[in-house]
Amino acid sequence: MTELIQDVDLADPQTFNGHDLTDYWQRLRSESPVHWHPPLGKNPGFWVVSRYADIMAVYRDNVNFTSERGNLLVTLLAGGDSAAGQMLAVTDGHRHRELRKIMLKAFSPRALERISERVRVNTRKLVAEAVERGTCDFAEDIASHIPMGTIADLLGVPAADREFLLTLTKSALSSDAADTQEMDALMARNEILLYFGELVEERRRSPGDDVISVLAGGEIDGQALTEDEMVLNCYSLIIGGDETSRLSMIDSVFTLSHHPRQWQLLRSGEVGLGTAVEEVLRWASPAMHFGRTCLKDTEVGGVRIAAGDIVTLWHSSGNRDEAVFTDPGTFALDRTPNKHITFGYGPHFCLGAYLARVELSELLSALRTFSQGFEIAGPTQRIHSNFLTGFSELPVRFEPDPAGLAHYNETRDAVS
Ligand code: HEM
């Protein structure tokens, strides 16, 4: 039994490819909740924290743990993150608080009200058109447009550049294919940084009310942000907000197609959109882990952690912890309370959580308005990653709701 636990290599994307790790996580939570993952290949060893309470404790503790040496397994194992101290997610202490304060201005209720309305209009349009066509690749035709469109709105990216940026982000970050060349990814990342460099210059000359302009006007301790800081933090919104939201949306459709009773509860309105969104987020847990480096000798769950150790926090396990969630392996859209850790916790709690919830809520709302139901219509494709989980291809066949579509088309025609 112990051998089996030791054999699982959490750094290898292949470990997650089509393998159900439910039993593995369940065993870790009960037998070795703060588990030493041995060094494998050229990777150093690291701690694997699988219980909800221990995960929360590490997230909360930014005195004994830092994000400045990376917050993902890939950067932690490589020995650091080149954006440390500049990009919000990998900056700590005073600078993190100040930078977060600046960025929060762009996430103000006023700015988000306008953006949320655009999410609503775009999502309804994409879903209504796909349902009318009858079939689509949900990942490509719907989900890939919503989060990127939202982030592009936040950043004020001109409409003409959006398709180009989407292509770049796909090769820069993903995980879609096992054979994505590291060089292609690197070049795409550089192109994105160059693109934002130009946009930053332009916004400095003529500011608007987008994130870039907010960053351009921001100061920490009387000093303006450097161009590198601005560019990296624009980029971080794409890294943080695109694929995670996209994968949650795709997962919601996949999961609902396999849980007809839950779909009926949602469609009939017996379950509210707000509670449904939280369960979809818990269930999908698109970011499987985040991580920290220990700064001072300390303890987690009674286990001694030494300064310098890498500690990884597994949402895929914490969100299924039987000590916190009743029947954690049941997808129940009416689950309350539902204090999942999909968006993390503590000082680095996800900046885009509100927006991600809006996106999912609008998606579920559009699905139940325009469609009576849907099914998976062909082979699906999973992404290849040790950080994110979900599908890159999801062929779907819809059963239209004629009344919902007719009403949409009438009101749309009336507006246009
Ligand atoms: C941070 C998850 C959507 C921007 C985080 C963290 C998690 C997370 C777990 C904490 C990381 C850590 O503690 O090291 C998710 C998930 C999303 C999502 C699951 C979708 C379902 C978004 C969106 C945006 C965004 C839509 C922006 C538009 C960020 C940023 C941070 C962050 C900037 C860093 C915050 C900080 O360090 O203070 N996200 N996120 N995220 N997220 Fe999200």
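This is a predicted model: local features need pLDDT of at least 70, side-chain atom pairs count only at pLDDT 80 or more; totals for chains, interfaces and linings use all residues.
Visitor: Which residues come nearest to the ligand?
Guide: His96, Arg100, Arg292, His348 and Cys350 do, out of 27 residues around the ligand.

Visitor: What holds the iron atom on the protein side?
Guide: The iron atom of the ligand has a single donor from the protein, SG of Cys350, at 2.3 Å. Donors are N, O and S atoms within 2.8 Å of the metal (3.2 Å for Na, K and Ca); water is not among the atoms, so sites may look incomplete.

Visitor: Where is Cys350 in the fold?
Guide: Cys350 sits in the loop between α15 (315-318) and α16 (353-370). Helices (H or I, at least four residues) and strands (E, at least two) are DSSP runs, numbered from the N terminus.

Visitor: Which element gives the most to the shell around the ligand?
Guide: Helix α12 does, with six residues. Elements that each supply at least two are α5 (93-106), α12 (227-258) and β7 (289-294).

Visitor: How far is the polar side-chain atom of His348 from an oxygen atom of the ligand?
Guide: For His348 the distance is 2.6 Å. A polar side-chain atom of Asn71 is 3.0 Å from a ligand oxygen, and for Leu88 a polar backbone atom is 3.5 Å from one.

Visitor: Changing topic, how many salt bridges are there?
Guide: The structure has 18, each a side-chain nitrogen of Lys or Arg within 4 Å of a carboxyl oxygen of Asp or Glu. One of them joins Lys101 and Glu98, at 3.1 Å from N to O. Both residues lie in helix α5, three residues apart, about one turn of the helix.

Visitor: Which residues are joined by a cis peptide bond?
Guide: Thr336 and Pro337, with omega about -10°. Pro337 is in the loop between α15 and α16.

Visitor: And what is phi of Asp221?
Guide: Phi there is near 50°, a positive value in a residue other than glycine. Asp221 lies in the loop between β5 (219-220) and β6 (223-224). Most residues other than glycine have a negative phi, and most peptide bonds are trans.

Technical notes:
Residues are numbered from 1 along each chain as its sequence is written. Side-chain values use heavy atoms; hydrogens and water are left out. A residue is near a molecule or strand if one of its heavy atoms lies within 4 Å of it. A polar contact is a pair of N or O atoms within 3.5 Å; within protein, one must be able to donate a hydrogen and the other to accept it, and residues adjacent in sequence count only if both atoms are side-chain atoms.
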